[in-house]
Amino acid sequence: MRIDGFIPFIGGLYAFLLFSGLIPAKPKAPEKFKAYVEKYGGIMKVVSIVTMLWGLMLLFFY
């Protein structure tokens, strides 16, 4: 098993949890972060899931 897909998988998982609100974010400007999540939260969840799937593909199929 190759380890190359581990970083994209963990990064996608972190992004998904962050934009889902399951882990707290401590940005320097909370208002800006909240506005960013409201504007791009949906697409970031989709992108993070695709990134996790890509990481799993690299882990198991290459």
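Buried means under 20% relative accessible area, exposed means over 50%, and partly exposed lies in between, with a 1.4 Å probe and protein chains only.

## Basis of the model

This is a predicted model, in which local features need pLDDT of at least 70 and side-chain atom pairs count only at pLDDT 80 or more, while totals for chains, interfaces and linings use all residues. Residues are numbered from 1 along each chain as its sequence is written, and side-chain values use heavy atoms, with hydrogens and water left out.

## Overall form

The protein chain has two helices and zero strands; both kinds of element are DSSP runs numbered from the N terminus, helices being H or I with at least four residues and strands E with at least two. Its C-alpha trace spans about 40 × 20 × 15 Å along the principal axes.

The radius of gyration of the protein chain is 13 Å, whereas a compact globule of 62 residues would have one near 11 Å. That radius is taken over C-alpha atoms, and the globule rule is 2.2 Å times the number of residues to the power 0.38. Of the 62 residues, 19% are buried.

## Helix packing

Helix H1 covers residues 6-20 and helix H2 residues 30-61; their axes come within 7 Å and cross at roughly 155°. The axes are lines fitted to C-alpha atoms, for helices over the stretch in contact, and angles run from 0 to 180 degrees between N-to-C directions. H1 and H2 are therefore roughly antiparallel to each other (under 35 degrees counts as roughly parallel, over 145 as roughly antiparallel, 65 to 115 as roughly perpendicular and the rest as oblique).

The crossing of H1 and H2 is left-handed, a term for a near helix turned anticlockwise from the far one by less than a right angle, with clockwise giving right-handed. In the contact of H1 with H2, 18 residues are nonpolar, six are polar and one is charged. Nonpolar here covers Ala, Val, Leu, Ile, Met, Phe, Trp, Tyr, Cys and Pro; charged covers Asp, Glu, Lys and Arg; the others, Gly among them, are polar.

## Aromatic residues

Three aromatic pairs occur in the structure. Rings of Phe, Tyr and Trp (its six-membered ring) pair if their centres lie within 6.5 Å; planes under 30 degrees apart count as stacked, over 60 as edge-to-face and the rest as tilted. One of the pairs is Phe19 with Tyr36, tilted, at 6.1 Å centre to centre and 50° between the planes. Since Phe19 lies in helix H1 and Tyr36 in helix H2, this pair ties together parts that are 17 residues apart in sequence. Phe19 is buried at 10% relative accessible area, while Tyr36 is partly exposed at 37%.

The rings of Tyr36 and Tyr40 have centres 5.0 Å apart and planes at 50°, so this pair is tilted. Tyr36 and Tyr40 are four residues apart in helix H2, and about one helical turn separates them. Tyr40 is partly exposed, with a relative accessible area of 34%. Phe19, Phe33, Tyr36 and Tyr40 form one aromatic cluster.

## Other positions in H2

Lys34 is placed in helix H2 and is exposed at 55% relative accessibility. Lys34 and Phe19 lie 15 residues apart in sequence and 9.8 Å apart in space, C-alpha to C-alpha.

Met44 also belongs to helix H2 and is partly exposed at 23% relative accessibility. From Met44 to Gly55 the separation is eleven residues in sequence and 16 Å in space, C-alpha to C-alpha.
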